[in-house]
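Please read this report with the sequence and the 3D view side by side. Each section takes up one part of the chain and describes what can be found there.

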Amino acid sequence: MKSFVGGAALAALLLAGCAPRGITPALKPIGAPDVGLTGGVAGVPVAVDWWKALGDPQLDRIMADALSGSPTLAGAMARMRIAQAGIETARAGTLPSVSVSAQEQRTRLPENYIIPPPFGGSSQWVGNAAANVSWSLDFFGRQKAALDEAKASADAASLDAAAARLALSSAVAQTYVELARAEQQTRVAADFVTARQRSVTLIQSRIRNQLSSNFEARAAETLLAQARQAELRARAQRETIVHALAALAGRGADYYATVGTTALAFDRAVPLPTALPADLLGRRPDLLAGQARIAAASAGRQVAKKAFYPNINLLGMFGFQALGLGNITEWGSRTYGAGPSLSLPIFEGGRLTADYKRATGQVDVAIADYNDSVVRAIRDTADAIALVRANQGDAAEQANVLTGLQDVVRLDRTRIQTGLASQLDILESDTRLLAARQGQIDLAADGAIRRIQLVAAIGGDFAPTPALAVATQTPTEAQP
């Protein structure tokens with residue numbers, strides 16, 4: 001046995017020189033200093049149920065339904081369980097394998113072989129029952145690398161599930177804001193329908209008294225139709241949004257009736273950063289999943305590299321072999337054996353080198369995908385911060401516009417009462433006021449959506465455990 005192990009070690013040293021050199025990953029992962037995050041502002045804590053800051057119990061209910069019943073999230077969780085099962089499969093390769101086999105076969109024994117007559121040349125029952133043991137010693141770490149690959153893949157799947165949860169919660173919250181927007185737009189349009197109906201009635205009365213013209217009546221009726229059109233569109237928009245919420249919750253038409261009037265406060269929000277957070281790369285689950293995939297690909301590359309080395313197993317067997325049905329259980333029929341097994345790759349037609357190149361290419365693919373995700377994450381977060389800031393200024397100016405138009409309408413009514421203006425003047429300013437109120441609602445809703453998008457861009461409430469944070473660090477490989 002000692003000479004066998006020594007021979008195996010010598011063979012390993014010789015074959016190590018056969019492992020190809022110069023096949024290394026061409027890319028490297030982007031780090032925080034590469035994208036200007038070093039020394040930036042610290043991230044802000046985000047509550048696990050951050051959407052509750054919007055102050056609507058119905059949203060909380062729909063969110064709970066979505067997080068428990070969404071097919072998208074269920075699929076991500078299923079993929080995570082599959083990846084975790086892969087760890088068990090890889091770990092099994094590091095443990096001894098025990099099997100039991102038994103067979104009984106009617107066989108003609110040749111007379112010119114190792115069994116002499118009278119058994120030679122006759123037909124006999126030949127029995128065989130044995131317990132077999134096999135254990136890969138993994139001297140060169142191939143099984144360990146395969147286990148590391150499985151663990152990293154499971155980490156990536158777990159992080160994918162966290163990213164899916166964040167994307168789903170963000171989508172539900174944004175869709176719910178759209179629902180509240182449609183409801184408020186409906187109320188504003190309905191108010192204007194009522195006001196413009198009164199205007200039409202008033203103008204018709206003035207026409208009968210020869211104080212207004214049919215031109216003013218037609219203008220008022222046109223504006224009334226526009227207000228009704230806006231109301232119809234807002235109501236239709238609400239219906240389609242309810243359908244979208246049901247789909248996000250993984251429910252069907254029976255869910256529509258359960259979605260009532262919203263009680264959303266557009267101006268409420270969770271604490272958010274005003275600049276790119278320095279910990280962005282370490283708190284977004286999709287980026288951490290990318291890091292885990294790099295680690296998995298790197299471990300797979302090590303598996304391919306270790307394939308150039310010997311595979312050493314310990315084998316053992318104990319059982320019974322006998323001629324005749326009645327002899328198989330006799331102690332004299334016992335057989336046993338044990339010893340090492342060595343498998344050496346000598347000539348594979350370039351297959352091992354091709355596998356190694358492919359595995360190295362997979363590392364570059366994982367790094368490229370991760371780098372692309374980092375660049376997009378930086379852009380998404382920067383855009384979200386800029387849009388939140390711009391929305392705040394826009395909303396402030398829109399408030400001034402609305403205040404000014406309300407004053408114009410009030411003054412026009414006064415001028416009409418004093419005979420200094422016509423009914424057409426109030427109709428024109430009233431149209432602008434409707435647009436201003438609709439614009440104010442849109443800006444308030446857009447602001448809430450921008451803040452939700454920023455929550456998602458910085459990783460939401462996700463915080464990796466210390467063990468996971470360590471596991472997703474890209475390993476530094478020793479080059480062959």
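## A glutamine in a strand

The side chains of Gln 124 and Ser 122 are joined by a polar contact of 3.1 Å, where a polar contact is a pair of N or O atoms within 3.5 Å; within protein, one of them must be able to donate a hydrogen and the other to accept it, and residues adjacent in sequence count only if both atoms are side-chain atoms. Gln 124 belongs to strand β2, which covers residues 123–136; helices (H or I, at least four residues) and strands (E, at least two) are DSSP runs, numbered from the N terminus. Why does Gln 124 count as buried? Gln 124 counts as buried because its relative accessibility is 19%, and buried means under 20% relative accessible area, exposed over 50%, and partly exposed in between, with a 1.4 Å probe and protein chains only.

Leaving aside residues up to four places away in sequence, Gln 124 touches Gln 105, Arg 106, Thr 107, Leu 109 and Phe 119, a contact being heavy atoms within 4.5 Å. One of these residues, Thr 107, has Gln 124 as its bridge partner in β2.

## How the model is to be read

This is a predicted model, in which local features need pLDDT of at least 70 and side-chain atom pairs count only at pLDDT 80 or more, while totals for chains, interfaces and linings use all residues. Residues are numbered from 1 along each chain as its sequence is written, and side-chain values use heavy atoms, with hydrogens and water left out.

## The sheet

The strands form an open sheet of 4 strands in the order β1-β2-β3-β4, with antiparallel pairing; two strands pair if DSSP finds at least two bridges between them. β1 (97–108) and β4 stand at the edges with a single partner strand each, so one side of each has no neighbour in the sheet. From one strand to the next, the twist averages 20 degrees.

Between β1 and β2 the antiparallel pairing runs over 12 bridges, and here Gln 105 has Val 126 as its bridge partner in β2. β2 also pairs in the antiparallel sense with strand β3 (residues 311–323), over 11 bridges; Asn 128 stands opposite Gln 321 in β3, and Gly 127 stands opposite Ala 322 in β3. β3 is in turn joined by 10 bridges to strand β4 (residues 334–343), and these two run antiparallel; the bridge partner of Leu 314 in β4 is Pro 340.

## Two loops beside the strands

Most residues other than glycine have a negative phi, and most peptide bonds are trans. Pro 117 and Pro 118, however, are joined by a cis peptide bond with an omega of about 15 degrees, and Pro 118 lies in the loop between β1 and β2.

In the loop between β2 and α4 sits Asp 138, whose phi is near 50 degrees, a positive value in a residue other than glycine. With a relative accessibility of 24%, Asp 138 counts as partly exposed.

## Helices that meet

Two packed helices are described by the angle between their axes and the distance between the axes. The axes of helix α2 (residues 57–69) and helix α4 (residues 142–208) come within 10 Å and cross at roughly 145 degrees; axes are lines fitted to C-alpha atoms, for helices over the stretch in contact, and angles run from 0 to 180 degrees between N-to-C directions. Residues of α2, among them Leu 59, Ile 62 and Met 63, meet residues of α4, including Leu 168, Val 172 and Tyr 176.

Arg 79 lies in helix α3 (residues 71–92) and is exposed, with a relative accessible area of 53%. Not counting residues up to four places away in sequence, Arg 79 touches Thr 72 and Ala 157. Arg 79 and Ser 158 are 79 residues apart in sequence, yet 8.4 Å apart in space from C-alpha to C-alpha.

## The chain as a whole

The protein chain has 9 helices and 4 strands, and read along the sequence they follow the pattern α-α-α-β-β-α-α-α-β-β-α-α-α. Of its 480 residues, 39% count as buried. Among contacts between residues at least 6 apart in sequence, 84% join residues at least 24 apart.
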